[in-house]
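The sequence and structure come first.

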Amino acid sequence: MATVFVYGTLLTGQANWARYLKDKAKLLGKDTTKGIMVSLNYFPAVVTFDPRFGIIHGELYEVDQQVLASLDMLEGYNPNTKTGMYKRVDIKVASGLSEVQAYEFYEKEWCAEKPLIPHGDWLRFLKEQKPNV
């Protein structure tokens, strides 16, 4: 089993949650970490997990190896070469839970011109983009 921190389309109720986590993984609860989040239009990217930066809001899931492999595919991560669109990294979360992993965007230079999500909350960002919804 592995513990994964999710912060975008894998959050409860979001598009990829139903396909990859609902009824397949155990929600451990909401948590936060620190880093830099940007919008890539349809999904967010954390370009660095670093305690020197702002809060990133998300959820923790306990997943088995099959679910972890499907998340790797979704995120374009190859655990054998440790390359892809995202990379899976060990992070620290506010709750103090140990051995937590998350997906960090690999192409940092590509994100330089993308909109910063300063509050680190993807769901709040979506609401702010569509204030009449």
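## Thr33

Thr33 is part of strand 2; strands (E, at least two residues) and helices (H or I, at least four) are DSSP runs numbered from the N terminus. The model is predicted: local features need pLDDT of at least 70 and side-chain atom pairs pLDDT 80 or more, while totals for chains, interfaces and linings use all residues. Residues are numbered from 1 along each chain as its sequence is written, and side-chain values use heavy atoms, without hydrogens and water.

Thr33 has 6% relative accessibility and therefore counts as buried (under 20% relative accessible area, 1.4 Å probe, protein chains only). Its side chain reaches the backbone oxygen of Lys92 at 2.5 Å. Leaving out residues up to four places away in sequence, Thr33 touches Phe5, Phe49, Gly54, Ile55, Ile56, Ile91, Lys92 and Val93 (heavy atoms within 4.5 Å).

## Strands 2 and 3

Strand 2 (residues 26-39) pairs with strand 3 in the antiparallel sense over five bridges; pairing requires at least two DSSP bridges. Ser39 stands opposite Pro44 of strand 3. The two strands form a hairpin with four residues between them, and Asn41 in the turn has a positive phi of about 75 degrees.

Six of the six residues of strand 3 (residues 44-49) are buried, so this strand is largely enclosed by the rest of the structure.

## Pocket linings

Helix 3 (residues 122-129) gives the most to the lining of the largest pocket, with five residues. Among the residues closest to the centre of the second largest pocket are Phe43 and Pro44. A pocket is an open set of points on a 1 Å grid over the protein atoms alone where a 1.4 Å probe fits, with protein on both sides within 12 Å along at least five of seven lines; lining residues have an atom within 4 Å of a point.

Conventions: Buried means under 20% relative accessible area, exposed over 50%, partly exposed in between (1.4 Å probe, protein chains only). A polar contact is a pair of N or O atoms within 3.5 Å; within protein, one must be able to donate a hydrogen and the other to accept it, and residues adjacent in sequence count only if both atoms are side-chain atoms.
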